[in-house]
Amino acid sequence: MIEGFDKIINRHNTYSTQWDYAIDRFGRNDVLPFSISDTDFAVPKEVQETLKKRIEHPIYGYTRWNHHDYKSAITNWYLKRFNQKFSEDIVAYTPSVVFAISDFIKMHSSPGEAVATFIPMYDAFFNTIESNNRLLVPVKLGDAYSHYKIDWDGLERVLCQKNVKIFLLTNPHNPTGKVFSASELEHIVSFCEQYNVFLISDDIHQDIVYKPNKYTPVLKYAKKNVVLCSSGSKTFNTPGLIGAYILCPNKVDYEQYLIDLKQKNALSSVSIFGMLSQIAEYKCEKYVDHLLPYLDKNMDTVEKFFTEKDLGLKFIKPQGTYLAWIDSSALQLTEDELQHLLIDKGHVGIMKGSTYGDQNRLRMNIACPRSKVIEGLNRIEIALS
Ligand SMILES: Cc1ncc(COP(=O)(O)O)c(C=O)c1O
């Protein structure tokens with residue numbers, strides 16, 4: 001294995017949200033954290049070399065993203081990895097995926113109108129939707145235990161409501177790990193078209209999909225009322241560099257987005273390091289080809305552990321993402337009691353499911369050296385015994 005994913009890198013004292021501010025999520029700092037979705041892996045060497053080279057140039061002035069080097073790096077990635085050809089004209093920079101989601105929510109709905117999304121959901125969506133004074137309409141999504149069931153009737157009942165202007169999809173889905181199939185995407189797109197609902201697809205976990213599952217960008221089916229928001233930051237571990245992108249095939253929306261970005265929000269420069277790393281990341285196919293089996297084995301380790309140990313926790317490997325969505329419904333404990341045992345007895349920080357809308361689950365980020373996964377599992381066993 002070329003990338004050394006087994007290597008433990010001390011992240012303490014780097015202002016790391018996951019490691020140095022565990023107290024914010026778990027009430028104390030002396031827990032082994034498996035929380036926010038970044039990884040404990042070094043970025044590819046090529047990415048670090050690119051950044052080092054730029055740092056050596058001592059001027060960090062206003063900088064552009066709108067050029068062939070940036071946009072073609074992104075379109076080439078979709079061609080190489082997912083066999084999808086996109087025009088460079090639909091690519092634009094965004095400082096973060098959620099920034100773009102927030103902008104498109106404002107662009108395509110008014111205060112008081114509604115955004116529908118599958119629940120459980122990535123927790124930032126609660127804030128983004130509600131602090132923009134939009135109504136959140138949840139549609140239940142099954143996880144591995146219910147074969148990722150989609151309630152199609154429920155979805156249609158929601159999308160046909162006049163007040164619902166946007167459907168916010170996450171593909172692959174955080175936290176269940178569901179990867180939407182091509183036919184499911186077609187079905188969702190046909191509902192959105194039928195009821196004139198704008199579709200936002202957050203595909204930030206797109207590279208982390210386990211065989212035989214296959215990621216399909218929704219833009220294969222949706223051509224107009226749609227934006228896809230993504231980044232290399234989850235895969236290559238660069239969210240602190242600030243850089244993501246949108247793929248927006250509708251020219252009017254694209255132009256409006258640029259006005260929002262540059263004029264309304266006054267973002268007059270790209271983050272130099274976010275842009276350069278994004279270009280460099282999308283040349284590192286081998287890194288992903290090695291990362292995927294490593295994460296898959298981490299998932300195997302978690303599955304084997306919960307199958308062999310009779311702790312009352314159940315786990316089935318997800319189709320995608322590096323998030324283990326663990327079923328705690330058989331435990332005779334409230335969520336608070338479970339968290340208390342994990343944190344104060346096991347000294348392990350695992351996200352509680354209610355953060356994402358399901359109090360019978362735990363979310364464990366397994367994008368870390370296997371030894372840390374094993375240590376975390378042992379701490380869970382200590383907590384529950
Ligand atoms: C589904 C999903 N979207 C967006 C983000 C955050 O992306 P960004 O930092 O680019 O807004 C995350 C991070 O966990 C995520 O899981």
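The C-alpha centres of domain 1 and domain 2 lie 26 Å apart. This is a predicted model. The domain assignment gives domain 1 as 17-44 + 286-384 and domain 2 as 62-281.

**Domain contact**
- In domain 1, 25 residues are in contact with 29 residues of domain 2.
- Helix 12 and strand 9 each supply at least two residues of the side of domain 1 that touches domain 2.
- Helix 12 gives the most to that side, with five residues.
- By class, the residues of that side of domain 1 are 13 nonpolar, seven polar and five charged.

**Nonpolar core**
- The largest nonpolar core holds 106 residues.
- F167, L199, I200, V218, C229, I246 and I366 touch the most other members.
- Helix 12 (residues 285-308) gives the most to this core, with six residues.
- Leaving aside residues up to four places away in sequence, L199 touches F167, L169, V189, C192, V218, A222, N225 and V226.
- In soluble globular proteins, nonpolar side chains tend to be buried together.

- Four strands form an open sheet with mixed pairing, in the order 1-10-11-9.
- Strand 1 (32-34) and strand 9 (323-327) stand at the edges; each has a single partner strand, so one side of each lacks a neighbour in the sheet.
- From one strand to the next, the twist averages 35°.
- Strand 1 pairs with strand 10 (residues 348-352) in the parallel sense, over three bridges.
- P33 stands opposite G349 in strand 10.

Technical notes:
Residues numbered from 1 in each chain as written. Predicted model: local features only at pLDDT ≥ 70, side-chain atom pairs only at ≥ 80, totals over all residues. Core = buried A, V, L, I, M, F, W, Y, C linked by C-beta atoms within 7 Å. Buried ≥ 20, exposed ≤ 12 C-beta atoms within 10 Å, placed from the backbone. Contact = placed C-beta atoms within 7 Å. Pairing = 2+ DSSP bridges. Axes fitted to C-alpha atoms, helices over the stretch in contact; angles between N-to-C directions. Domains from an automatic or database assignment. Nonpolar A, V, L, I, M, F, W, Y, C, P; charged D, E, K, R; others polar.
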